[in-house]
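Dear colleague,

Please find the structure below, handed over for your records. A summary of the findings follows it.

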Amino acid sequence: FKHRVEEVKRGVLQAGGFPLEVPTLSLGENLIKPSALLYRNMLAMEVEEMIRAYPVDGVVLMGGCDKTTPAMLLGATSANMPAIFLPAGPMLRGNSRGKTLGSGSDAFKYWDDKRAGLISSDEWESIVGGIARSHGTCMTMGTASTMTAIAEALGMTLPGASSIPAVDANHQRMATQVGRRIVEMVDEDLRPAQIQSRDAFLNAITVAMAMGCSTNAIIHVIAMARRAKAEVGLADFDRISREVPVLANVRPSGTSQYLMEDFYYAGGLPALMGRLTAHLKLGALTVTGRSVGENIEGAQVYNDDVIRTLDNPVYQEGSLAVLKGNLAPDGCVIKPSAMSEKFLTHTGPAVVFDDYPSLKKMLDDEHADITEDHVIVLRNAGPKGGPGMPEWGMVPVPVKLVKQGVRDMVRISDARMSGTSYGACVLHVAPEAYIGGNLALVKTGDLVTLDVPNRSIRMNVSEQELARRRAGWKPPPPRFERGYGWMFSEHILQADQGCDMNFLQSQFGESAGEPDIF
């Protein structure tokens, strides 16, 4: 990615600008503990303050991994300086022993096979060695590709930029074009506030649903829209999900072997959007200075199996479904396009865990008292309880059941999961258990009913019994007592509100105006 910095600089110089590289916080998704989401807002603050602090006229935002895209856009939106986003691009397909591998999705799949003794250590090492064979972000439709696609659909990238593999020569050319375009945007005084309208965010949600997006999209898009004063909410996601089917046949949705490289060869995001024109706000402005409709005019699909038609979708509804009920009064989310159909409606007894270590002990117990009909509940893993809402929501199937051939079961948590994950995982339960949400009141043995078609999630417990349990509930001890963690815990909003800091929302500082310091 550092080479792309030089290519952006070249484009800026070609257009008559002066480029200045401003490094920011790095969020290594698979290394930061307990969760990169804990630091998304810190990066957003840094981006906003760097834009304000330096005497710059416009910014190229460079990112790609899960939290960097929304963090960059959050900061740039609040600063409202001419800005364009440059996606890092997905890596090439993985490969091991003749099989195509996809980031995350196949790691989870084959790790279950390893746990069950179905593959050898040598086979596992071959998978590990072959699953990431180039620079780039996850090449499945994980959170990285979801969020860069959303940035493009929102109008904040050049057309087609989000689909180009990181090591493709076209990615280099795009980086230089971005450098040239930002200088033009400065001359035109084209700012995020002019681009990021409610229509633009509705386009982003529409495209996300058709892409088979990550569940994490909901949190980030809600936060981004609130910063742009173009508020959208869970109701918009659920409404659009019922109207727009999944068209991108890319893992983990569907059963295909296709990955982002195949999606790019099939025409990329402009081609997908070309099939969604009936559902898009085509007049929405973009960083090109042209409308969405103008940007995608003439886009073609070159593989109808990778990018399906509306009458032959991968899944009849959109990628995500929003559920509500007495387990999640403010909502939660599930990804029906990447789960076993038999669990779309299901009732089973809860098995409840208050922390991940105790859950893991059960998962590794070959004699655990659990069946595939049970509903695993993990709580105190939300925005405040995690802290930072870790990706613990894709709870592995217990090893006892894996050895019996079970590969899916209902799991519920106030945590998140990786966009590369799959399964009947109910996530983002709001309010979270740590602050006394109803998830804190469920007990082992309670019957829990999941009804995705009717968008319902509930525990079969009377209101009187819930009131009795609430009276006896005690809050857990604080996660932080100082520093950024304390600030995060004091000001973080719940999942249904985007997990932004309350003082970073757009209504704060509206009367202050821009400081005239240069």
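Leaving aside residues up to four places away in sequence, Met211 touches Met141, Ala149, Val246, Ala248, Phe263, Leu269 and Leu272, where contact means heavy atoms within 4.5 Å. This is a predicted model, in which local features need pLDDT of at least 70, side-chain atom pairs count only at pLDDT 80 or more, and totals for chains, interfaces and linings use all residues. Residues are numbered from 1 along each chain as its sequence is written, and side-chain values use heavy atoms, with hydrogens and water left out.

Met211 is also among the residues with the most contacts inside the largest nonpolar core, together with Leu61, Phe201, Val207, Phe263 and Leu272; this core has 95 residues. A nonpolar core is a set of buried Ala, Val, Leu, Ile, Met, Phe, Trp, Tyr and Cys residues joined through side-chain atoms within 4.5 Å; buried means under 20% relative accessible area, exposed over 50%, and partly exposed in between (1.4 Å probe, protein chains only). Helix 9 (residues 198-211) gives the most to this core, with 10 residues; helices (H or I, at least four residues) are DSSP runs numbered from the N terminus. A second, separate core of 48 residues includes Phe343, Met362, Ala381 and Leu439.

As to cysteines, the count of disulfides (pairs of cysteine sulfur atoms within 2.5 Å) comes to zero. For Cys65, the nearest cysteine sulfur, that of Cys138, is 6.4 Å away. For Cys332, the nearest is that of Cys425, 12 Å away. Cys65 counts as partly exposed because its relative accessibility is 29%, whereas Cys332 counts as buried, at 3%.

Yours sincerely

Key: Helix = DSSP H or I, 4+ residues; strand = E, 2+ residues; numbered from the N terminus.
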